[in-house]
Every structure is written in structure tokens, then in C-alpha cells.
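Subject: Handing over the two-chain model

Dear colleague,

I am passing on the structure below, and after it I set out what was found. Please keep it open beside this message while you read.

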Amino acid sequence: MNLQEIVDTLELTSYTTPKDYKDIIPSSGYSSDLLSCVMAGAEKRSLWVTLQSHGNIIAVASLLDLAAVIITEGAVPDPLMVEKANEENVILLGTSKPTFYIIGKLWEMGLRNKQEA
Amino acid sequence: MSQDSLFHGKIISEQKAENISRVEELAYDLKVDQVMTRDPATVTPQTPMNVVLELFRTKRISGAPVIENNELVGLVSIEDLIRCLQNSDMQAETQKYMSTKLLTVRNTDYVIEALKMFVNSHYGRLPVVDNNGKLTGIITKGDITSGILKALQYEYHEEEVRRYRASHLFEDIESDRSSLILRYNIKQGDFMHGGAASSAIKRALIRLGANPQIARRTGLAVYEAEMNLVIHTTNGGIIRVEIEPRQISITVSDDGPGIEDINLAMRPGYSTASEVVRELGFGAGMGLVNIQRCVDSMRLESIYGRGTNLRLKIFLPEEEPVGEGN
């Protein structure tokens with residue numbers, strides 16, 4: 001499933017400049033609000049669900065080459081941070097729904113966690 | 001190993017994905033002025049249509065602005081010419097066939113504005129005017145395509161040259177042992193720029209021709225160290241990265257407060273982070289553990305009350321050195 005289907009189905013807001021998400025196919029999903037856990041656990045091109053909305057999630061997403069970040073519970077990143085995300089090619093999406101709901105929906109759509117080697 | 005990834009049988013290279021979105025971005029970056037045709041051939045309302053036909057044929061164009069007393073009054077296009085031919089009315093003046101319902105763009109508009117007009121109208125070309133309404137050029141979809149292609153090629157070439165230069169850095173320098181040293185001063189409490197040094201290091205490694213996996217591991221290890229300097233130090237600290245063809249050596253040092261119990265600090269989940277810092281998502285107690293996971297060797301020395309010194313090494317595969325033009 002591609003990111004566009006996810007954005008449409010979950011009615012996600014695009015904080016960063018919207019682009020064609022059809023070619024982006026998340027490899028897996030990951031959720032944590034602790035950045036070091038994400039560093040250790042999220043796979044390349046995965047989709048990260050978090051309620052953190054401060055600047056450091058951009059650095060994490062960019063270093064890990066994540067497909068996108070979904071910020072839950074209506075937390076809104078500040079404009080400076082969105083600008084930085086655009087520069088770093090990080091996609092920031094948002095929803096007012098809680099993390100549990102979003103992950104449940106993503107699972108229903110067929111997204112799984114990374115394949116254990 | 002190929003950098004392409006296989007998803008549901010569809011192969012998308014990272015480069016390709018990057019280029020697609022770059023084209024869209026360029027439509028917002030480039031101005032009409034940069035892609036339009038300047039000083040286009042013009043006619044007057046009194047120009048006979050057979051002269052217009054001759055002009056289109058010799059100049060190989062498909063439309064021309066109509067000017068009267070320095071003012072833009074219309075646009076005559078190949079479609080108008082065809083209507084005129086059908087009526088066998090080639091002696092008629094341009095004003096009889098030209099279109100006067102004019103859509104114009106400004107030379108200072110972004111290309112995206114012109115694109116929107118092309119999409120929303122059936123026009124094939126738009127006159128370009130300056131802020132005083134004076135004609136400065138004409139723009140077609142073809143102009144936009146070739147303008148964007150030119151910009152893409154230019155950027156691609158620039159990055160290629162940069163990468164080529166960097167990836168052969170060590171080749172052209174003779175010494176018994178060459179290395180490149182990058183230093184970053186990290187400020188305590190500067191969450192705004194947290195991660196900037198690690199991103200820069202990752203980018204530098206890619207330019208030097210490092211395997212993406214190595215660049216990612218290095219970026220990750222440096223990120224954790226960088227955030228440790230931001231969160232835990234008294235006065236911040238210094239990250240020094242020494243890049244040699246076959247190894248990357250990273251030193252992270254600060255002057256306090258130092259780690260009280262290194263064994264405890266290395267235990268997964270142990271953290272001394274404050275509540276405020278934890279709210280930002282730090283303090284998982286995984287930082288040092290993550291660093292260890294990413295590097296080939298790690299030495300952590302600390303004197304409580306004095307400071308901490310962390311030394312990391314990442315070895316590059318024999319067949320994939322950096323800076324030697326692999």
C-alpha cells in the first residue's frame with residue numbers, strides 16, 4: 001500500500017508541502033515517543049507514529065530515511081520545524097486521533113512491523 | 001548490492017523518487033522570467049494574415065503577441081491562422097482573427113502560476129508582462145518543460161561534480177596517511193539545532209562515496225552522542241570526525257559534569273534525563289546502547305566532575321573505501 005492511500009483513508013493532514021505520495025511505499029510501521037527507541041527500532045522507509053511534535057523528530061526521520069512521520073493527538077509542529085522538514089525531505093503528517101487508533105487502522109490496512117531477520 | 005528496492009514487484013530507485021518530487025518543486029522555484037522566450041516576434045493589428053503566416057513559418061513559431069502603441073492588445077495563434085485559411089481570407093488584418101480575451105502571466109510569477117493557467121484554459125501560449133503591463137516575453141508548455149529539464153540537468157551536474165570531487169578526494173593527495181577531519185561545536189541545551197551535526201556528517205560521507213549503510217550507522221551513532229552533549233553537558237562539547245579511506249574515527253568530548261557510573265550508564269533503560277527532557281522524547285536510556293550497536297569499537301572514559309570522552313570507530317569494507325573513487 002502506498003502513502004497516498006494511507007493519507008486518504010486516515011484523513012491525514014500534510015504539514016510539509018504536499019506532494020505525490022503514490023510512489024512512497026512504507027516498508028513497515030513503528031511507534032514510540034522515545035527517540036532513542038525509534039533510532040534502535042525503526043527500519044529504513046518505515047512509517048513512524050508518534051505524539052512528539054518538536055524539531056528533533058525531523059533529525060531522527062532524516063537520519064533513518066523514514067517514509068513519513070504521523071503526529072497524533074492533534075499536536076502541531078511549529079512553522080520553523082516544518083520548513084526544516086521540507087529542506088530535509090521529511091514528510092510530516094498529522095491527525096487529531098490518538099496513536100492507538102492510527103496504528104489499529106494501519107494494521108487493518110495491512111501495514112506490519114519490520115520483519116525480524 | 002543494488003540501491004533499488006523491490007516493493008510489490010515495482011522497482012523505484014531513490015534517485016528516481018527524488019527527481020519526481022524535484023520537478024514539482026522546481027515549478028515553485030523557477031520564475032516565468034527564467035524559462036520564457038524573450039523578445040518574441042510581434043505583429044500589429046494591421047499586419048495582414050499572410051504576413052503572419054510567413055512569420056510563423058520562417059521563425060518556426062505557433063503564436064505571436066499583437067502590439068499597438070507599445071501596448072499588448074491581442075494574441076494571434078496558429079489556430080487563428082487556420083480559421084483564416086478556411087475562410088480563404090489571407091488578406092485580412094490580424095485584428096479580425098486575433099484573440100483579445102487575454103490571459104497573461106507576470107515575469108516575476110512562479111512557473112506554477114503559468115502551469116495552472118495552462119491547465120485551466122485551452123491556451124497553448126501566454127504573453128508575459130512586467131509589473132507595468134509591458135510585454136517582456138511569451139511562454140509555452142514547451143518552454144516550461146525545457147526550462148525545468150535545464151534546471152534539473154544543471155543541479156544534477158552540480159551534485160555530480162561535487163560528489164565526483166569528494167569521492168576522489170584522497171586519490172589526488174599524496175601522503176603516507178591522508179585523512180579528513182570534521183569538527184562540530186555542540187551547544188548545551190540547543191534542541192533547535194540538535195541533529196544538525198549528525199545530518200551534516202551523514203551527507204558528507206555520502207558525498208565521499210560511502211556506502212549508504214555506513215553513512216546511516218555513522219549518522220545514528222553521532223546523533224545519540226550529539227544529543228548527549230545537548231542534554232547532559234555543562235558547557236556543550238565537541239564532535240570530531242576523522243575520515244580515512246578505510247575507517248571513520250569519532251571523538252566526542254566535553255568538560256563536564258562527567259558520568260558517575262559508566263557501567264550503570266551503559267545499562268539499557270538507565271537514564272539521568274530530567275522530566276523536561278523526557279517530555280521531548282529523550283531519556284529512553286538507550287543512547288549509549290544505540291551507539292555501541294552502530295560502531296565497530298567504542299571507548300568511553302569519564303571522570304566525574306571533569307568530563308567525558310567517547311571514542312568510536314567504524315571500519316569500512318575493504319572493497320568500499322571512501323574518497324578513493326570506488
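At roughly what angle do the axes of helix H8 and helix H9 of chain B cross? The axes of H8(B), residues 196-207, and H9(B), residues 212-232, cross at roughly 160° and come within 8 Å, where axes are lines fitted to C-alpha atoms, for helices over the stretch in contact, and angles between N-to-C directions run from 0 to 180 degrees. That makes H8(B) roughly antiparallel to H9(B), since the classes are roughly parallel under 35 degrees, roughly antiparallel over 145, roughly perpendicular from 65 to 115, and oblique for the rest.

Before going further, please note that this is a predicted model, in which local features need pLDDT of at least 70 and side-chain atom pairs count only at pLDDT 80 or more, while totals for chains, interfaces and linings use all residues. Residues are numbered from 1 along each chain as its sequence is written, and chains are lettered from A, with ligands numbered from 1, in the order in which they are written.

**The helix pair in chain B**

H8(B) passes H9(B) in a right-handed crossing, a crossing being right-handed if the near helix is turned clockwise from the far one by less than a right angle, and left-handed if anticlockwise. Residues of H8(B), among them B:Ile201, B:Leu205 and B:Ile206, meet residues of H9(B) that include B:Ala215, B:Val222 and B:Tyr223; here two residues are in contact if their C-beta atoms, placed from the backbone, lie within 7 Å. By class, this contact of H8(B) with H9(B) has nine nonpolar, four polar and three charged residues, with Ala, Val, Leu, Ile, Met, Phe, Trp, Tyr, Cys and Pro counted as nonpolar, Asp, Glu, Lys and Arg as charged, and the others, Gly among them, as polar.

**The sheet that H9(B) lies across**

H9(B) lies across E9, E10, E11 and E13 of chain B, running at about 5° to E11(B). These strands belong to an open sheet of five, in the order E9-E10-E11-E13-E12 (chain B), with antiparallel pairing; two strands pair if DSSP finds at least two bridges between them. At the edges stand E9(B), residues 180-186, and E12(B), residues 297-303, each pairing on one side only, and the twist from one strand to the next averages 10°.

E9(B) and E10(B) pair over seven bridges, and B:Leu180 stands opposite B:Ile243 in E10(B). E10(B), residues 237-244, pairs in turn with E11(B) over eight bridges, and a hairpin of two residues joins E10(B) to E11(B). E11(B) is also joined by eight bridges to E13(B), residues 307-315.

In E11(B), the covered face holds B:Ile248, B:Ile250, B:Val252 and B:Asp254, whereas the uncovered face holds B:Gln247, B:Ser249, B:Thr251 and B:Ser253.

**Chain B as a whole, and one buried residue**

Chain B has 12 helices and 13 strands, these being DSSP runs numbered from the N terminus, with helices (H or I) of at least four residues and strands (E) of at least two. Of its 326 residues, 31% are buried, a residue being buried if 20 or more other C-beta atoms lie within 10 Å of its own, exposed if 12 or fewer, and partly exposed in between, with C-beta atoms placed from the backbone. B:Val111, found in helix H6 (residues 111-120) of chain B, counts as buried because it has 25 C-beta neighbours inside 10 Å.

Chain A has an open sheet of five strands in the order E1-E5-E4-E3-E2, with mixed pairing. E1(A), residues 13-14, and E2(A), residues 29-31, stand at the edges with a single partner strand each, so one side of each is left without a neighbour in the sheet. Two bridges join E1(A) to E5(A), which run antiparallel, and A:Thr13 stands opposite A:Gly94 in E5(A).

The contact between the chains takes 18 residues from chain A and 25 residues from chain B. On the side of chain A, helix H2(A) gives the most, with five residues.

With best wishes
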